[in-house]
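Hi,

Here is the structure I promised to send over. Have a look at it first, and then read on for my notes on what I found.

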Amino acid sequence: VLVTVATSTSQVTSTTTPVTNFYVGSYFAVTENTSSRNVTSITIKENGTVDGETGLDNIRLRYDLDTSSPYNCVSESYSASDTAFGTTDTDGFSGPNGTSTFTGSVTISTTSTMCLYVVVDSTSLASNGETIDIVMESPSSNLIVTGGGSVSPSVTRDMNGSTTLVGPVVTQTHYHWRSDN
């Protein structure tokens with residue numbers, strides 16, 4: 001196996017909705033095991049209870065390159081200024097539990113691991129209590145590299161846990177008693 005995909009710790013537990021530029025709090029680490037090649041296409045999927053097509057928007061992949069041993073992305077962290085991989089998907093995922101595909105070209109090597117961060121907006125159609133769960137189904141077919149490289153694993157890589165959307169809560173701050181006679 002030439003390239004492997006791993007995930008980090010859990011997603012952020014909760015966030016308000018609607019929200020913009022929400023980093024889900026976990027990452028995919030794309031590691032080259034033998035030489036050097038380019039990552040050219042990445043497909044991710046939204047697997048939570050939110051309707052990924054209407055409740056989420058402006059899906060983005062940002063990345064860092066981890067160039068310090070042990071090249072596992074632990075030394076890297078998300079920043080809004082991280083480089084974009086591909087262009088922003090401005091119309092949500094492809095369906096309620098749909099996918100989003102990004103194309104670009106980033107060189108990875110045995111001393112340069114790609115750390116992928118998923119950033120989304122939630123819309124006014126996302127409801128209180130719904131969840132966001134970002135996965136990469138079968139990286140062996142949903143992450144494409146140059147040079148005939150094989151990608152592992154062929155099972156879903158799930159960013160552990162999910163993020164619960166917390167909608168606006170209406171609270172009563174004043175009241176006025178009226179006589180009903």
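Arg37 is buried, with a relative accessible area of 8%; buried here means under 20% relative accessible area, exposed means over 50%, and partly exposed is anything in between, with a 1.4 Å probe and protein chains only. Its partner is Glu32, and the two side chains meet in a salt bridge at 2.5 Å, N to O. Glu32 counts as buried too, at 2% relative accessibility. I call something a salt bridge when a side-chain nitrogen of Lys or Arg is within 4 Å of a carboxyl oxygen of Asp or Glu.

Before going further, a word on the source: this is a predicted model, so local features need pLDDT of at least 70 and side-chain atom pairs count only at pLDDT 80 or more, while totals for chains, interfaces and linings use all residues. Residues are numbered from 1 along each chain as its sequence is written, and side-chain values use heavy atoms, with hydrogens and water left out.

**The other salt bridges**

The whole structure holds three salt bridges. In another of them, the side chains of Glu137 and Lys45 meet at 3.3 Å, N to O. Glu137 lies in the loop between strand 10 (134-136) and helix 1 (139-142) and Lys45 in strand 4 (residues 36-46), so this pair ties together parts that are 92 residues apart in sequence. (Helices, H or I with at least four residues, and strands, E with at least two, are DSSP runs numbered from the N terminus.) Glu137 counts as partly exposed at 33% relative accessibility, whereas Lys45 counts as buried at 14%.

Asp121 and Arg60 also form a salt bridge, their closest N and O atoms being 3.2 Å apart. This pair links distant parts of the chain, with Asp121 in strand 8 (residues 113-122) and Arg60 in strand 5 (residues 56-66), 61 residues apart. Both ends are buried: Asp121 at 9% relative accessibility and Arg60 at 8%.

**Around Val119**

Strand 8 also holds Val119, which is buried with a relative accessible area of 1%. Leaving aside neighbours within four places in sequence, Val119 is in contact (heavy atoms within 4.5 Å) with residues including Tyr23, Asn58, Arg60 and Tyr78. Arg62 is 57 residues from Val119 in sequence, yet their C-alpha atoms are 7.5 Å apart.

**The disulfide**

The search of the whole structure turned up one disulfide, that is, a pair of cysteine sulfur atoms within 2.5 Å. The disulfide joins Cys73 to Cys115, with 2.1 Å from S to S. The link is left-handed, at -95° about the S-S bond. Cys73 lies in the loop between strand 5 and strand 6 (83-84) and Cys115 in strand 8, so the pair ties together parts that are 42 residues apart in sequence. Both cysteines are buried.

**The cores**

Which residues have the most contacts inside the largest nonpolar core? They are Ile42, Ile44, Met114 and Leu143, in a core of 33 residues. A nonpolar core is a set of buried Ala, Val, Leu, Ile, Met, Phe, Trp, Tyr and Cys residues joined through side-chain atoms within 4.5 Å. Strand 3 (19-32) is among the strands that each supply at least two residues, and strand 3 gives the most, with five. Leaving aside neighbours within four places in sequence, Met114 is in contact with Phe28, Val39, Ile42, Leu65 and Cys73, among others. A second, separate core of seven residues includes Tyr27, Cys73, Cys115 and Tyr117.

Three strands form an open sheet in the order 2-14-9, with mixed pairing; two strands pair if DSSP finds at least two bridges between them. Strand 2 (14-16) and strand 9 (131-132) stand at the edges with a single partner strand each, so one side of each is left without a neighbour in the sheet. Strand 9 pairs with strand 14 (residues 163-166) in the antiparallel sense over two bridges, and Thr131 has Thr164 as its bridge partner in strand 14.

Overall, the protein has one helix and 14 strands. Its C-alpha atoms fill a box of roughly 85 × 30 × 25 Å along the principal axes. Of its 181 residues, 44% count as buried.

Best wishes
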